[in-house]
Every structure is written in C-alpha cells, then in structure tokens.
2 protein chains.
Amino acid sequence: MPRGRLTAADVVRAGAELADEVGYQDLAMGALAQRLGVRTPSLYKHVDGLDDLRRQIATLAVTELGEAVRAAIQGKAGSDALAAFARAFATYVTAHPGRYTATIGAEVSGPGDELYDASARVLESMAAILRGYGVEEGEMVHAIRTLRCLFHGFAALQSSNGFQWSDDAAESFDWMIDFVDRGLRGES
Amino acid sequence: MPRGRLTAADVVRAGAELADEVGYQDLAMGALAQRLGVRTPSLYKHVDGLDDLRRQIATLAVTELGEAVRAAIQGKAGSDALAAFARAFATYVTAHPGRYTATIGAEVSGPGDELYDASARVLESMAAILRGYGVEEGEMVHAIRTLRCLFHGFAALQSSNGFQWSDDAAESFDWMIDFVDRGLRGES
DNA sequence: CGGCTATGGCTAATCGGATTAGCTTTATAG
DNA sequence: CTATAAAGCTAATCCGATTAGCCATAGCCG
C-alpha cells in the first residue's frame, strides 16, 4: 500500500539507541527525527507522541532484558542460576542505561498491556530461580518482590550515579548476590 | 534590606507539597507560582529554574528522610532497629511520593554537595544498624549498598506502581525485612 | 498499462511552559 | 528621610511538542 520507509519498530529502536547515547533526559523528538533523516512531525505517523515513545522504549527494554536473563539462566539452577541472572541483568543495564531508565518510571497497568506482559516474563525467570532454591509457593510472591526491589534498586542507583559505585562496584554487587544466595539456601 | 515575602525555602517546600499532590511529573513552575500567589517569573528570584528546584526538593526529601529514620532507630539495635528503619522509610515514601520521586533520578556529585551530605546521613543510619548486627568494617560498604538497593528499589517500584503491590504490600515488605534480618544474623 | 487510494512525509502554524529582560515598588539600613 | 537592593510584575523570547492540512508515491485493481 504505502511507500515503506520507516516503521514504528524502527522509530522505537532508534529512540532506544538515542536514549542510550545521550541519556534518557535528552531523548527528544527533534533529535530522533534528525537521526532518522526525517522531519519531526513525521514521527507522529509512527508513534503517538513522546510519552508513547518512552513507554514503547520501556517495553522494548523489559522485553530484551527478559530474553537476556532467560537465556542466561538456561539449564542452570541454584546459585549458578542466580549469579547468571544477576550478571545478565547488570550487563544489560550497563550496556543500555537509557533504555533501562525508561522503565524506571513507566507505569504498569495490567494484563494485556505489553509492558506488563514483558515484566511478567522477567518475573517468571525470577520465579524459576527461586523454585530451584525450594522456595515455597506461599512465599514466592514475597521472594520475587524482594529480588525485584534489589535489582531494580541497583539499576536505578547505578543509572543516577547513586553510589560513588567506584571500582568496587562489581565487588559489592557480588556480595549482594552472595548475601541473597545464602539467605535463600537458609530458607528451605 | 528587601521586602520579606517569599524565601527560597518557602518555594522549595511549596514545590515539594505540590509534587506530592499532583505527582512529580506535573511539577511545573506555573502551578507552583499560582499556589504561592505569585507570577511565574518571580520564582526565579528564589530558585535557579526548574532543574534547580527539582534538585532542592530531592535534597529536602533526603534530609527529611534522614531525620525520620534517625529518630526511628534511636535507642534500638538489631532486628528492632532494622524494622524501625524500614517502617520509617516506607512511611515517608508513602506520605511523600512526589518528594521521593525527585530523589530517584537526582545526580549526586560529591562531598560538599548538600544532597550528597544528606544521603550520607541516611547511609550513616544504615551503618549504625549494620554495626549493631556485628557486620565487619570490611563488609560494611557492601552491606550498606545492598540495603540501599533494596530500599531504593522498593520506593521506586512503589512510586511507579511497579508491583500490583495490592493488599499484601505490607506483608511482602515485612517478609523482605525479615529476610534481611535473618541474613544479617547469619553473618556475624 | 493507467488511475485510485491509503500512507508516509513535508511545511507551516499553534501551543504551552520555561526562561530572560527590564521596569516598578517597597522595606529597611543608615 | 532617603538611597538601595531585593522581590514582584509585565512583556517578550525561546524551544520543543504537537496539530493541521497539503503533496507525493507505492501498490493494487481494472
């Protein structure tokens, strides 16, 4: 039907790259249009404004993150799985600060929402790890939320330079994971 | 010297209230001026623009939070102190969502910066709790960062409706604290 | 092959909020 | 009582997002 230049997915992907490069704060329609070799208003044929773009970037990020962690924990269990998850998570957040920042403030509605579903997939990976530790179903919700706070908090602080998170960054992160591991092994 | 109507502190405080009421996203110079019964440009005599206002709200929030948690853990140690800290933290974040949101993305520079110093005071309270658990100095940094991730993550998720954090909110939060408590008691 | 139509792009215009410029008032120090 | 500097105000500017409305063309159908 139409001439096939740009697609919505292209715009979102380019937006994500831009956010990673210049920082989430400076993600702007004008800059994005320029990067795509197009005039600003044209973007509105593909996304429904800046807020929509942000939300879609968040969704992309959570989706990619979900794939990354799922792949990372494949065939692993217990400490190995937890460590793999943590490493994959930290790697993603570090490699894509803009994308992850988009997820920090994004409002999640309910089932059916793409962002919600993508989040659910990440949570499912967490649940798989926790089941490997023998966490009971009754406590699963709480344990998942605890992990979520921990990882999300890490990412949020990281992305805003919250800690002077200097050299011993990795060391603290490892300590944190080890702390959780011991705690979970003590559970069952 | 001048006529003494508004002071910088007034503006920041009113901005914080506004943010709590309408949400951090909708914090705007115009609305703030209106609330103060003043025209928008007048605000610039007290704060150095919107970014500065945001930063000062973040500083106010962290300062208030620091006082709240310090008061809460007074004379307590171990599990009691941890629980008191957690309760005070959650209470503050719930009561002042706009203020806390301001702190989430705020860049922290270094010593001498007011926000940095306020943060340091909160961290000192965490350190006091951890010392009560017998955490060694060598691990202190890591333990503090872990707590920080946990609490900050909780607040960030809470403020963006990240969990469906429905009824069992408090329950999960308590579980989380209990998990940390057991982990720390296992340390020493 | 030639016209139809929906779509993607463009220019021009609008809107809204932040910020700046420059003037005016007034509390107060001296 | 007056000089002054802070605090307000109005008017103007800027900039980025968004909207309105027009143009070009790719793909499809006869």
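**Close-up views of a two-chain predicted model**

**View 1. Helix 3 and helix 5 of chain A cross one another.** The axes of helix 3 (residues 50-73) of chain A and helix 5 (residues 97-104) of chain A come within 8 Å and cross at roughly 110°; axes are lines fitted to C-alpha atoms, for helices over the stretch in contact, and angles run from 0 to 180 degrees between N-to-C directions. That angle makes helix 3 of chain A roughly perpendicular to helix 5 of chain A (under 35 degrees counts as roughly parallel, over 145 as roughly antiparallel, 65 to 115 as roughly perpendicular and the rest as oblique). The crossing of these two helices is left-handed (the near helix is turned anticlockwise from the far one by less than a right angle; clockwise would be right-handed). On helix 3 of chain A, Arg54(A), Ile57(A), Ala58(A), Leu60(A), Ala61(A) and Val62(A) meet Arg99(A), Tyr100(A), Ala102(A) and Thr103(A) of helix 5 of chain A; residues are in contact if their C-beta atoms, placed from the backbone, lie within 7 Å. By class, this contact has 7 nonpolar, 1 polar and 2 charged residues (Ala, Val, Leu, Ile, Met, Phe, Trp, Tyr, Cys and Pro count as nonpolar, Asp, Glu, Lys and Arg as charged, and the others, Gly among them, as polar).

The model is predicted: local features need pLDDT of at least 70 and side-chain atom pairs count only at pLDDT 80 or more, whereas totals for chains, interfaces and linings use all residues. Residues are numbered from 1 along each chain as its sequence is written, and chains are lettered from A and ligands numbered from 1 in the order in which they are written.

**View 2. Chain A is built from helices.** Chain A has 8 helices and 0 strands; helices (H or I, at least four residues) and strands (E, at least two) are DSSP runs, numbered from the N terminus. Its C-alpha atoms fill a box of roughly 60 × 40 × 25 Å, taken along the principal axes. An unreviewed UniProt entry places "domain: HTH tetR-type" at residues 5-65 of chain A; UniProt positions are given in the numbering used here, feature names are shortened, and annotations may be inferred rather than shown by experiment. This stretch is 62% helix and 0% strand, with its end C-alpha atoms 28 Å apart. The annotation "DNA-binding region", also from an unreviewed UniProt entry, covers residues 28-47 of chain A. Over residues 28-47, chain A is 35% helix and 0% strand, and the end C-alpha atoms are 13 Å apart.

**View 3. Helix 6 and helix 7 of chain B meet through nonpolar residues.** The axes of helix 6 (residues 114-132) of chain B and helix 7 (residues 137-159) of chain B come within 10 Å and cross at roughly 115°. Helix 6 of chain B passes helix 7 of chain B in a right-handed crossing. Leu123(B), Met126(B), Ala127(B) and Leu130(B) of helix 6 make the contact with Met140(B), Ala143(B), Ile144(B) and Leu147(B) of helix 7. This contact has 8 nonpolar, no polar and no charged residues.

**View 4. Chain A touches chain B.** On the side of chain A that touches chain B, helix 7 (137-159) and helix 8 (169-187) are the elements that give two or more residues. Helix 7 of chain A gives the most, with 14 residues. The residues on this side of chain A divide into 14 nonpolar, 11 polar and 7 charged. The copies meet through the same surface, because 100% of the interface residues of chain A are also interface residues in chain B.

**View 5. A rotation axis relates the two chains.** Of the residues of chain A, Gly153(A) comes closest to the rotation axis, at 1.7 Å (C-alpha).

Methods: Two residues are in contact if their C-beta atoms, placed from the backbone, lie within 7 Å. Copies are superposed by least squares on the C-alpha atoms of residues with pLDDT of at least 70 in both.
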